[in-house]
Amino acid sequence: MIADKDVIMHHDGTTAYLPGVQAAVLTETNTTRLFAEPDALPQPVEVKDLENPPAVVPWGESNDLPAALVKKVYKLPQMTSNMWFNIVASYGDGIKPVQVTFNEKDEKVIKPHTNKDVKKFFEENDIDGYLLEQLTDMHWFFNVFPRVVFNKEKGEARKIVEIHNREATFSRWSEMNPETYKIEYHYYYGYWGEKEPDGENRIILATPVLDNHNPVRHLRKIMKEDEGKDWKDRRNAFVIPVTFPTPGRNYYQKPYWYSIIESGWYDFAIKIPEFKSSVMKNQIALKYIVALAPNYFNEIFKREKITDEKKQLVRIKKEYADIKKFLKDSENAGKSIITMQKTDPKGQPYPMITITTVGNGKKEGGDYIEDSEEVSNIISYGMLVHPSLVGASPGKNTNISGTEARELFIMKQAMLKPFRDRILRPFYLIKAINGWPDDLHFVIPNLELTTLDKDKTGSVTKTSE
């Protein structure tokens with residue numbers, strides 16, 4: 001902290017407390033503009049071992065949306081815990097190969113499959129780790145990028161022997177072929193949207209992409225075209241497009257929970273702990289909260305041509321002192337400060353500074369408790385997680401019974417079935433290409449909590465769906 005009798009300022013100038021007028025000054029985060037509509041135009045790209053590669057389609061305005069989103073979400077425990085809950089609830093008992101038959105009563109009978117080739121495939125691949133990675137990307141981005149790899153041994157029949165997850169943060173699509181309207185390549189790179197690194201780190205890897213609607217037929221066609229070629233000349237790895245579809249998205253889906261950020265609730269939620277922390281650390285009492293636009297000081301620096309960091313901090317402190325002087329003058333009550341006029345992309349003006357009266361200057365022990373409860377509930381609502389399943393919200397919440405919690409968990413698992421079905425899609429492609437048995441199916445069994453009147457240990461049982 002940088003403090004004197006006029007201003008108590010955070011070392012980076014983003015927040016401050018103004019003694020005498022009892023005002024907290026906060027710089028807004030402005031995540032509502034995180035999602036560009038539409039995404040930026042395709043950009044040329046250099047790809048290893050690929051001549052004249054199609055342009056890469058940026059993910060977000062600066063081609064760094066996944067990384068930027070992760071950074072933002074990790075600042076809010078409500079969002080990270082909800083995301084974590086959705087991932088582990090989707091995991092169930094993991095991916096299981098099962099045999100599905102019907103008895104004389106035409107009832108479905110499900111039991112573990114004993115095929116040796118299937119068992120070997122699961123033994124030689126980290127299926128549990130793959131599932132966690134896929135579920136993580138699916139819940140975060142509604143886009144996953146599974147990659148399957150063929151064997152390369154000479155003399156052996158062609159079959160898929162490996163399955164991997166290409167992390168969504170490092171994945172991008174190539175621009176659609178203008179003639180077929182199909183995505184042909186997946187690009188994998190660790191520095192999208194960042195300053196270009198030197199040397200080998202600049203390598204962008206390209207993998208052919210299977211048809212989104214008919215991946216099995218597409219792969220069979222490719223295998224027929226590759227017949228007779230040396231194994232080194234064959235196309236041996238492919239990415240399968242798997243998404244949870246959302247309206248109007250051709251390349252990267254837009255998860256429904258993003259509305260928490262676009263609506264402004266994220267920005268509001270992130271201010272609450274910052275505000276309460278300032279109150280507790282400095283034992284301050286507040287009459288005003290002054291909210292500054294995210295680019296407030298950048299506009300000042302640009303207008304006054306201030307580039308030196310030390311001089312910028314001095315100018316920030318002066319601005320805080322000017323705000324304090326404005327608030328201290330009783331004749332300014334009810335007036336607003338007009339320092340700069342800005343407009344949004346639609347041409348509408350928006351305030352660069354907002355002053356809100358919050359109280360009479362007396363310290364209150366429960367400041368923002370109700371606001372914190374409200375925003376926690378809205379975040380849980382937006383992420384389809386009942387607050388009682390991940391922890392009680394602050395405030396006067398009533399606890400639910402064990403029966404209610406169990407029923408909520410069962411309902412949640414039922415809602416996760418579409419996610420699981422999409423994750424299992426590549427395994428049915430592998431089944432078709434490798435010629436595995438027709439009665440082979442893949443399931444992610446639910447975990448069902450038993451009641452104490454049925455099992456005194458309250459243990460977990462497995463269901464088949």
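**A loop residue and its surroundings**

Modeller: In this predicted model, Leu 384 has a relative accessibility of 51%, so this residue counts as exposed. The cut-off matters for that label, because exposed means over 50%. Leu 384 sits in the loop that runs between helix H10 (369–382) and helix H11 (387–390). Its backbone has a positive phi of about 55 degrees, although Leu 384 is not a glycine.

Asp 137 is buried but forms no salt bridge, and the nearest side chain of opposite charge, that of Arg 172, lies 10.0 Å away. A salt bridge would need a distance within 4 Å, so Arg 172 does not qualify as a partner. The side chain of Asp 137 does reach a backbone atom: the nitrogen of Ala 168, at 3.0 Å. Leaving aside residues up to four places away in sequence, Asp 137 touches Phe 142, Asn 143 and Val 144, as well as Asn 165, Arg 166, Glu 167 and Ala 168.

Next comes a sheet. Strands E10, E11 and E12 make up an open sheet of 3 strands in that order, with antiparallel pairing. Strand E10 (171–173) and strand E12 (205–208) are its edges; each has a single partner strand, so one side of each has no neighbour in the sheet. On average, neighbouring strands of this sheet are turned by 30 degrees against each other, direction ignored. In general, the strands of a sheet pair through backbone hydrogen bonds, in either a parallel or an antiparallel manner. Here, strand E11 (residues 185–188) is joined to E12 by 4 bridges, and the two run antiparallel. Tyr 187, for instance, has Ala 206 of E12 as its bridge partner.

The last step is the chain as a whole. Its secondary structure comprises 13 helices and 21 strands. Of the 465 residues in the protein chain, 42% are buried. Among contacts with a separation of 6 or more, 66% are between residues 24 or more positions apart.

Technical notes: Residues are numbered from 1 along each chain as its sequence is written. This is a predicted model: local features need pLDDT of at least 70, side-chain atom pairs count only at pLDDT 80 or more; totals for chains, interfaces and linings use all residues. Side-chain values use heavy atoms; hydrogens and water are left out. Two strands pair if DSSP finds at least two bridges between them. Axes are lines fitted to C-alpha atoms, for helices over the stretch in contact, and angles run from 0 to 180 degrees between N-to-C directions. Buried means under 20% relative accessible area, exposed over 50%, partly exposed in between (1.4 Å probe, protein chains only). Lys and Arg count as positive and Asp and Glu as negative; His and the chain ends are not counted. A polar contact is a pair of N or O atoms within 3.5 Å; within protein, one must be able to donate a hydrogen and the other to accept it, and residues adjacent in sequence count only if both atoms are side-chain atoms. Contact means heavy atoms within 4.5 Å.
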